[in-house]
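Hi,

Here is the structure I promised to send over.

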Amino acid sequence: MRAPAPAPLPALLSRCSSPPSSAPPRRLLSSSRTPAVCRPPPAVARSVSVSVDAPAAAAEPTVLGAPSATPRRRLILLRHGESTARGRSTRDHDRPLSKAGRADAISVSNKLQQMGWIPELILCSDAMRTKETLKILQDHVQGLSEAVVHFIPSFYSIAAMDGQTAEHLQKAICEYSSDEILTVMCMGHNKGWEEAASMFSGDSVVLETCNAALLEAAGKSWVEAFSLAGLGGWKLHGIVKP
């Protein structure tokens, strides 16, 4: 997939609070130069299915008068479902889901619900296959239908560019999210989504169609979470598969 370079997201970090000076920040993804080609560590790919029988982790009990714990922030990187083959008169951007792709989207929506990984904010590519994947998720899980959704055209084109997706996702999350939102899902395409999951977690992540990487990091804001976790510091809980 060859696509034109995306338009830059305007003033993406303007609404994000700066990380507290007391915590020594780890390196944020630099926006002053083009990132190098993503080269995940030569580890065995952690393409493991997450058990959907395990309940979601319980929140820490609140003790009156005690300082509040740093919240955990969850990031779901979901690749779209399988699409149909490209026809002569159909642009790649407009390819719809296949029958198998629709069934996989239903399966993944149910597993995310059972695990309790329900995003409050969804940032989605505007390609037909990602929009159809999202609609199926929302049709089958009420919590997903209640999330705030933004369609971001640049998610389609950035995924084809070597090593640039992770930085782009970071900026988009900080632009569209607020500190009160703890779970964000970004929906898009390979190769960028695999690269971003690998760069954030430090693992070699494989994402087949309709696979979702579950990532987690601590931070009082999204910019602090990205700062403290840096590259390779996000915890990879596993991969949700159909």
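**Around histidine 80**

Leaving aside neighbours within four places in sequence, histidine 80 is in contact with Arg129, Thr130, Thr133, Gly188, His189, Thr209 and Cys210. Keep in mind that this is a predicted model. Histidine 80 sits in the loop between strand 1 and helix 1 (99–115). Its relative accessibility is 5%, so histidine 80 counts as buried, the cut-off being under 20%. One of its contacts is polar: the side chain of histidine 80 meets the side chain of arginine 129 at 3.2 Å.

Nonpolar side chains tend to be buried together in soluble globular proteins. Here the largest nonpolar core has 33 residues, and those touching the most other members are Leu77, Cys186, Phe200 and Trp234. At least two residues of this core come from each of strand 1 (72–79), strand 2 (121–124), helix 5, strand 4 (183–188), helix 6 (192–201), strand 5 (212–218), helix 7 and strand 6 (235–240). There is also a second, separate core of 22 residues, with Leu78, Ala147, Ala212 and Val240 among them.

Back to tryptophan 234: not counting residues up to four places away in sequence, its contacts include Phe200, Leu215, Trp222 and Phe226.

**Helix 5 against helix 7**

Helix 5 (residues 165–176) and helix 7 (residues 222–229) pack at about 155°, their axes 9 Å apart. The two are therefore roughly antiparallel. Helix 5 brings Gln170, Ile173 and Cys174 to the contact, while helix 7 brings Trp222, Val223 and Phe226. By class, that makes five nonpolar residues, one polar and no charged ones.

Cheers

Methods: Residues are numbered from 1 along each chain as its sequence is written. This is a predicted model: local features need pLDDT of at least 70, side-chain atom pairs count only at pLDDT 80 or more; totals for chains, interfaces and linings use all residues. Side-chain values use heavy atoms; hydrogens and water are left out. Axes are lines fitted to C-alpha atoms, for helices over the stretch in contact, and angles run from 0 to 180 degrees between N-to-C directions. Helices (H or I, at least four residues) and strands (E, at least two) are DSSP runs, numbered from the N terminus. Angles under 35 degrees count as roughly parallel, over 145 as roughly antiparallel, 65 to 115 as roughly perpendicular and the rest as oblique. Contact means heavy atoms within 4.5 Å. Ala, Val, Leu, Ile, Met, Phe, Trp, Tyr, Cys and Pro count as nonpolar, Asp, Glu, Lys and Arg as charged, and the others, Gly among them, as polar. A nonpolar core is a set of buried Ala, Val, Leu, Ile, Met, Phe, Trp, Tyr and Cys residues joined through side-chain atoms within 4.5 Å. Buried means under 20% relative accessible area, exposed over 50%, partly exposed in between (1.4 Å probe, protein chains only). A polar contact is a pair of N or O atoms within 3.5 Å; within protein, one must be able to donate a hydrogen and the other to accept it, and residues adjacent in sequence count only if both atoms are side-chain atoms.
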